[in-house]
There are 2 protein chains.
Amino acid sequence: MKKQIFSSAAEVEAAFYEALARSDLDAMMSVWAEDEEVVCIHPDGPRQVGFAAVRESWRQLFSGGIRLVVQTSHRVVSSSMLLTVHNVVEHISVEGDDRLHPPMIATNTYVRGALGWRMVMHHASTTPEVTDLSAQGPHRVVH
Amino acid sequence: MKKQIFSSAAEVEAAFYEALARSDLDAMMSVWAEDEEVVCIHPDGPRQVGFAAVRESWRQLFSGGIRLVVQTSHRVVSSSMLLTVHNVVEHISVEGDDRLHPPMIATNTYVRGALGWRMVMHHASTTPEVTDLSAQGPHRVVH
């Protein structure tokens with residue numbers, strides 16, 4: 001399979017959440033750097049280190065048959081030429097389930113290598129309050 | 001107060017955990033970039049954005065009178081000239097409390113500016129299992 005070249009961290013992030021929405025394991029793993037030091041933390045889950053462990057965690061998640069659609073907002077960015085960090089609020093909906101789900105917070109890290117940008121860390125966790133987000137005016141965040 | 005100059009992300013990280021162990025608010029805030037886009041997420045807490053909000057969250061935590069001592073291990077690093085990300089396992093102990101506490105996972109982001117390295121993001125969350133860490137051999141992680 002020819003690998004897609006991502007020309008920015010934002011492109012990788014869009015592909016990451018699209019792969020998640022489709023529960024598409026190949027597409028998901030194509031956004032990750034093939035590296036033994038990639039790190040993935042699902043909400044309330046253990047830390048997974050290394051491409052194989054990260055792949056297995058997504059395989060298990062997708063095999064559950066639950067389709068998660070995630071919209072992100074309130075992105076805060078730290079970036080340099082070769083490394084970019086996004087902190088985002090994740091708004092979760094589950095296909096076929098109209099209940100409101102609490103948002104998550106994710107820190108996503110991307111590295112630029114010979115084959116363009118790839119994800120190297122995804123750290124997601126639960127957050128208790130939505131109301132706090134309203135206090136974060138647009139002057140403070142990058143959308 | 002003259003601000004300390006940190007010459008590496010690792011130095012900032014050491015100062016961060018020392019300030020935490022001493023519940024020293026001034027020392028804690030001296031490790032953070034004075035920026036409206038710094039982000040701090042305490043375990044299971046809401047996202048705090050901006051220097052003032054981050055300061056207030058530490059003030060509240062320290063005013064509780066509980067002294068947290070945190071040892072970190074299993075550091076995974078992504079770094080570039082101006083930006084560095086550390087993912088670490090945090091081992092927590094509470095002064096005067098001999099109980100074992102579950103570890104936390106933290107993603108810490110540092111930026112190099114005119115005044116040396118500073119922290120710009122701290123994202124900490126709970127993690128369920130210690131046993132998973134034993135599977136992460138030294139070939140996969142940077143200590």
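In chain B, B:E90 stands opposite B:M104, a residue of strand β5(B). This is a predicted model.

**Strand β5 of chain B and its partners**

- Strand β5(B) spans residues 104–113.
- On one side of the pairing list is strand β4(B), residues 83–94, joined to β5(B) by 8 bridges.
- β4(B) and β5(B) run antiparallel.
- Strand β6(B), residues 116–126, is joined to β5(B) by 10 bridges.
- β5(B) and β6(B) also run antiparallel.
- One bridge pairs B:T107 with B:H123 of β6(B).
- A hairpin is formed by β5(B) and β6(B), with 2 residues between them.

**Buried or exposed?**

- How many of the 10 residues of β5(B) are buried? The count is 7, so the strand is largely enclosed by the rest of the structure.
- Buried here means under 20% relative accessible area.
- In a regular strand, side chains alternate between the two faces of the sheet.

**Two helices of chain A**

- Two packed helices are described by the angle between their axes and the distance between the axes.
- Helix α1(A), residues 9–22, packs against helix α3(A), residues 51–63, at an angle of about 40°. Their axes are 10 Å apart.
- That angle makes α1(A) oblique to α3(A).
- Which residues meet? From α1(A) come A:F16, A:A19 and A:L20; from α3(A) come A:W58, A:L61 and A:F62.
- By class, this contact has 6 nonpolar residues, no polar ones and no charged ones.

Technical notes:
Residues numbered from 1 in each chain as written. Chains lettered and ligands numbered in written order. Predicted model: local features only at pLDDT ≥ 70, side-chain atom pairs only at ≥ 80, totals over all residues. Heavy atoms only, no water. Buried < 20%, exposed > 50% of the residue type's maximum accessible area, 1.4 Å probe, protein only. Helix = DSSP H or I, 4+ residues; strand = E, 2+ residues; numbered from the N terminus. Pairing = 2+ DSSP bridges. Axes fitted to C-alpha atoms, helices over the stretch in contact; angles between N-to-C directions. Parallel < 35°, antiparallel > 145°, perpendicular 65-115°, else oblique. Contact = heavy atoms within 4.5 Å. Nonpolar A, V, L, I, M, F, W, Y, C, P; charged D, E, K, R; others polar.
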